[in-house]
Amino acid sequence: MAGFAGPAVAQVVGADAVACSDPGAAAVRVHITGFKTGDGSVRVQAYGSNPADFLATGKWVRRVEVPLQGRRSLDVCLRLPRFGDYAVAVRHDANANGKSDWNDGGGFSRNPRLSLFHLKPAYADVVVTVRRDTPAIPIAMNYRQGFSIAPMRDAAGR
């Protein structure tokens, strides 16, 4: 008789991993899915409540970078300065060269629709409120596919 194994619980990675198990810590768990490959590295950045700082160079409040190491999904914990409003941006550097290339992917909290003409969503479209009981923030990765930007489809077209 074969045993039943329930769904695997993803290991939380990154320098802040322990913060997500501390109920008193201002932290958020980011659940990232849909990587095009398991190669390269992933950068997760949180931006604070000032919309003018969103995606501005060096204006993030917390940044964690981890190697993907063959994974197709990833849970990353970010320790935050305090509970409140944040926007989360994720970048998959598929070849780990530290530059944005056509094959790299990206995603944002609340999974806004992206296009080649609209790569940077408005802060209001991605802001989430982080509290003590905030569940994991799901982010689906998007990649350039011809003339569009979208999550990767599997062999069945889903």
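Ground rule for exposure: I call a residue buried under 20% relative accessible area, exposed over 50%, and partly exposed in between, with a 1.4 Å probe and protein chains only as cover. This is a predicted model, where local features need pLDDT of at least 70, side-chain atom pairs count only at pLDDT 80 or more, and totals for chains, interfaces and linings use all residues. Residues are numbered from 1 along each chain as its sequence is written, and side-chain values use heavy atoms, with hydrogens and water left out.

Fold first. I took helices (H or I, at least four residues) and strands (E, at least two) as DSSP runs, numbered from the N terminus. That gave me eleven strands and one helix, in the order β-β-β-β-β-β-β-α-β-β-β-β.

Of the 158 residues, 37% come out buried. With contact meaning heavy atoms within 4.5 Å, I find that 69% of the contacts with a separation of 6 or more are between residues 24 or more positions apart.

Then the cysteines. How many disulfides does the structure hold? I count one, taking a pair of cysteine sulfur atoms within 2.5 Å as the criterion. Cys20 is joined to Cys77, S to S 2.1 Å. The torsion about their S-S bond is about 100°, so I log the disulfide as right-handed. Cys20 sits in the loop between strand S1 (12–13) and strand S2 (27–33), and Cys77 in strand S5 (residues 73–79), so the pair ties together parts 57 residues apart in sequence.

Last check, exposure of the two ends. Cys20 is partly exposed at 30% relative accessible area, whereas Cys77 is buried at 0%.
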